[in-house]
2 protein chains.
Amino acid sequence: MNKPDDGGKSVRRRAGRPLSFDRDEALEQAMLLFWRHGYETTSINDLTRAMRITAPSLYTAFGDKRRLFLEAAQRYAGDPEASAAAIDNAPTACEAARSILQSAVVTFTGETTPRGCLLASATASGSSSAADVQDVVAGYRQHLRERVRARIERDIADKILPTETDAAALAGMVMAVLQGLSVLARDGASRASLSDIVDTALNAWPTARQS
Amino acid sequence: MNKPDDGGKSVRRRAGRPLSFDRDEALEQAMLLFWRHGYETTSINDLTRAMRITAPSLYTAFGDKRRLFLEAAQRYAGDPEASAAAIDNAPTACEAARSILQSAVVTFTGETTPRGCLLASATASGSSSAADVQDVVAGYRQHLRERVRARIERDIADKILPTETDAAALAGMVMAVLQGLSVLARDGASRASLSDIVDTALNAWPTARQS
DNA sequence: CTAGTTTCGTAACGATCGCTATGAATAAAC
DNA sequence: GTTTATTCATAGCGATCGTTACGAAACTAG
């Protein structure tokens, strides 16, 4: 089923037996499992059972465990341009942060998905052999952090925020709260309580008249 | 292996070959390894190499991997009464939170220890078979969270904080920042930058004249 | 000394790890 | 039909997992 991608144009199939499973659905199940149990602590056996395919099918369709995880992480992260646009198009950096954090609260406490954040927990710890995978996931965080920081600096330039605002620290606080929410969600915190935490944290946001 | 306990008084050794290693030092090395690589993603082989003992020695001295980890986590957490007293004896709840977070920043960025927080990362994800260990670690977090919340409510009762202060949300924010700092520290953030994040986050603390 | 107790290193247990060789099965191309 | 290409299920690869049986070694008690 669904070859890599038509790219819009239909490409003639070469030949051979067709895929007997929905690659996209299988990837979804893999993502959910990595989300719940982490990267190294999810076994191929766990994955094949959840994806309802055999090990050879998994390897031909996704390469190996590492690439399957990276693809699942990419699926979890969603379209980077869309999230970047959401940050840039928010009325203020504070509203962008609020949107990021409140959306995260919803995601982290979904009833049909694992709790917490895949990117926060799946590679939070691991053996040395998985260092490269950890680095890729850390890159997702760094990318978001930089985006938020840039958005804050735009508000500083626009006099929405005081000129003495520490953009890096403020962006860092948003990231810290974001990652922390994942832990609290895993610990069983309710959606409402996490939402209150976000509101509380955003009280740290500087206001113009402070300058 | 150490009889129940001396209870402070030296008890006559029963008999048998003496331990050839320092149990406390071995536990320290195990703690550092769990800290760096996590619970399930640290193997017995890794542990025996770092602790410089053989597998049978490990099992006779510490029971099994699970109990070794729990003992290492307890060692990492330190004396619960001491940390509780530090919170209670702080001049204000805000200063208690500042102390917790700034101490964490120092711990999370130590040059001779792994980065981040053992309790935040070692069981951030894991297989179902480690659920009980995850629960114990979550208990450490819940305990601290409750302590902080109680300290905040004391400040509310003492009119140091506005009566409408949401103690649970404020304590939750402290915990979220604490756990988030661990992730940022693992990602390589400097001690100074994390310290700035703490200062920024504490700007969210309510002030009396707001009421 | 001998007897009793505990730890030592070696060596290996069964189970699971990530991964793949192999050949039958199923499709399109000719 | 035959050929060619791809996926299928079975079965198993070597390595590592957590854990332990075993007997020699090292101590105390008598």
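Contact means that heavy atoms lie within 4.5 Å. By this criterion, 38 residues of chain A are in contact with 38 residues of chain B in the predicted model described here. Of the interface residues of chain A, 100% are also interface residues in chain B, so the copies meet through the same surface.

In this predicted model, local features need pLDDT of at least 70 and side-chain atom pairs count only at pLDDT 80 or more, while totals for chains, interfaces and linings use all residues. Residues are numbered from 1 along each chain as its sequence is written, chains are lettered from A and ligands numbered from 1 in the order in which they are written, and side-chain values use heavy atoms, with hydrogens and water left out.

The two chains bury about 2900 Å² between them, and carbon and sulfur atoms account for 60% of this; buried area is the accessible area (1.4 Å probe) that two parts lose on being put together, summed over both. On the side of chain A, the residues that lose the most area to chain B are A:T41, A:S125 and A:D187, together 17% of what that side buries.

Chain A is superposed on chain B by a rotation of 180° with 0.0 Å of shift along the axis, at an RMSD of 0.0 Å. The two copies are thus related as by a two-fold rotation axis. The superposition is by least squares on the C-alpha atoms of residues with pLDDT of at least 70 in both copies.

Chain A has ten helices and zero strands, where helices (H or I, at least four residues) and strands (E, at least two) are DSSP runs, numbered from the N terminus. The C-alpha trace of chain A spans about 70 × 40 × 35 Å along its principal axes. Of the contacts in chain A with a separation of 6 or more, 69% are between residues 24 or more positions apart.

Of the 211 residues in chain A, 46% are buried; buried means under 20% relative accessible area, exposed over 50%, and partly exposed in between (1.4 Å probe, protein chains only).

The loop between α8 (131-157) and α9 (167-186) of chain A contains A:K159. This residue, A:K159, has a positive phi of about 65° although it is not a glycine, and A:K159 is exposed, with a relative accessible area of 63%. In chain B, B:K159 lies in the loop between α8 (131-157) and α9 (167-186). There, B:K159 also has a positive phi of about 65° and counts as exposed at 63% relative accessibility.
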